Amino acid sequence: GKSKVTVMVENPIKYVSKYYVKSITSAGAFGISYTRYYADNERALYFDLFRPITSINDWKTIKQSPSENYQLTTDLDFMYATDYMVGNFSGKLNGDGHTIKNIEITTGNGLFTTLSGEIKNLFVVNYKKTNASYYGGLIYNTGGTATIDNVHMTNVSVNGTTGVGGIIGYGSSVV
């Protein structure tokens, strides 16, 4: 036979793509409950939860937990914002078709330093990286297996000394 299991997730602590099952409780014959406990890493559920990004302040929290998943719920204008560079990112960022604009990098390597996660469905307008660094791009470099899908940039100006690209300055293992 088959069993149908319905899972409801409320108020997650972390927004990631893999969750470990700690226990399952079921009611058998005569309404008697049975609980099966699992060791760490024994059973996992794979589904994506995304922390919503609704403002520049929400965006700034990405660097505090760069292995989580995030989704834009609106366009973001970085014209007067500061301290918004993400750094190394291994989570998932779904732009959901929204635009981030007016980003100017004057120190550091790029909006993302090393991408080993995923960025998709994002539009970037007016991206300028004025400081010279070894590589130049929205993403300084990629590490591990990075996924970039449906990312578009317009009005881009990048300064780099060796590897220069609009989206990626230096890419390895990019899908």
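Colleague: In this predicted model, is E68 buried or exposed?
Modeller: E68 sits in the loop between α1 and β6, and its side chain meets that of R51 in a salt bridge. The cut-off for a buried residue is under 20% relative accessible area. Because E68 has a relative accessibility of 4%, the residue counts as buried.

Colleague: How many residues apart in sequence are the parts that R51 and E68 tie together?
Modeller: The salt bridge between the two side chains has an N to O distance of 2.9 Å, and R51, at 25% relative accessibility, counts as partly exposed. R51 belongs to strand β5 (residues 51–53), whereas E68 belongs to the loop between α1 and β6, so the parts that the pair ties together are separated in sequence by 17 residues.

Colleague: What is the distance between the closest N and O atoms in the salt bridge of R36 with E42?
Modeller: Among the 6 salt bridges that the structure holds is the one formed by R36 with E42. R36 counts as partly exposed at 28% relative accessibility, and E42, at 34%, is partly exposed as well. For this pair, the closest N and O atoms are separated by 3.1 Å.

Colleague: Leaving aside neighbours within four places in sequence, which residues are in contact with S65?
Modeller: S65 is placed in the loop between α1 (56–60) and β6 (69–72). Its relative accessibility is 15%, so S65 counts as buried. Once neighbours within four places in sequence are set aside, the residues in contact with S65 are K14 and Y70.

Colleague: Which strands stand at the edges of the open sheet of 4 strands?
Modeller: The sheet is open, with its strands in the order β8-β10-β13-β16 and with parallel pairing. Each edge strand has a single partner strand, so one side of each is left without a neighbour in the sheet; the two edge strands are β8 (87–89) and β16 (168–170).

Colleague: What is the bridge partner of I139 in β16?
Modeller: Strand β13 (residues 139–142) runs parallel to β16, and 2 bridges join them. In β16, the residue that partners I139 is I168.

Colleague: Which strand holds D96, whose phi is positive?
Modeller: Most residues other than glycine have a negative phi. D96 is not a glycine, yet its phi is positive at about 55°. D96 is partly exposed, at 42% relative accessibility, and the strand in which D96 is found, spanning residues 92–105, is β9.

Colleague: What value is the phi of N121 near?
Modeller: N121 lies in strand β11 (residues 118–129) and counts as partly exposed at 22% relative accessibility. Phi of N121 is positive although the residue is other than glycine, and the value is near 55°.

Colleague: About how much accessible area do V5, V7, V9 and L45 have together?
Modeller: L45 is found in strand β4 (residues 44–46) and is partly exposed, with a relative accessible area of 35%. Patch residues need over 30% relative accessible area, so L45 passes that cut-off. With V5, V7 and V9, L45 forms a nonpolar patch on the surface, and the accessible area of the four together is about 330 Å².

Methods: Residues are numbered from 1 along each chain as its sequence is written. This is a predicted model: local features need pLDDT of at least 70, side-chain atom pairs count only at pLDDT 80 or more; totals for chains, interfaces and linings use all residues. Side-chain values use heavy atoms; hydrogens and water are left out. Patches are made of residues with over 30% relative accessible area and no salt bridge: like charges are joined within 9 Å, nonpolar side chains (Val, Leu, Ile, Met, Phe, Trp, Tyr) within 5 Å. Accessible areas come from the Shrake-Rupley method with a 1.4 Å probe; for residues, only the protein chains shown count as cover. Buried means under 20% relative accessible area, exposed over 50%, partly exposed in between (1.4 Å probe, protein chains only). Contact means heavy atoms within 4.5 Å. Two strands pair if DSSP finds at least two bridges between them.
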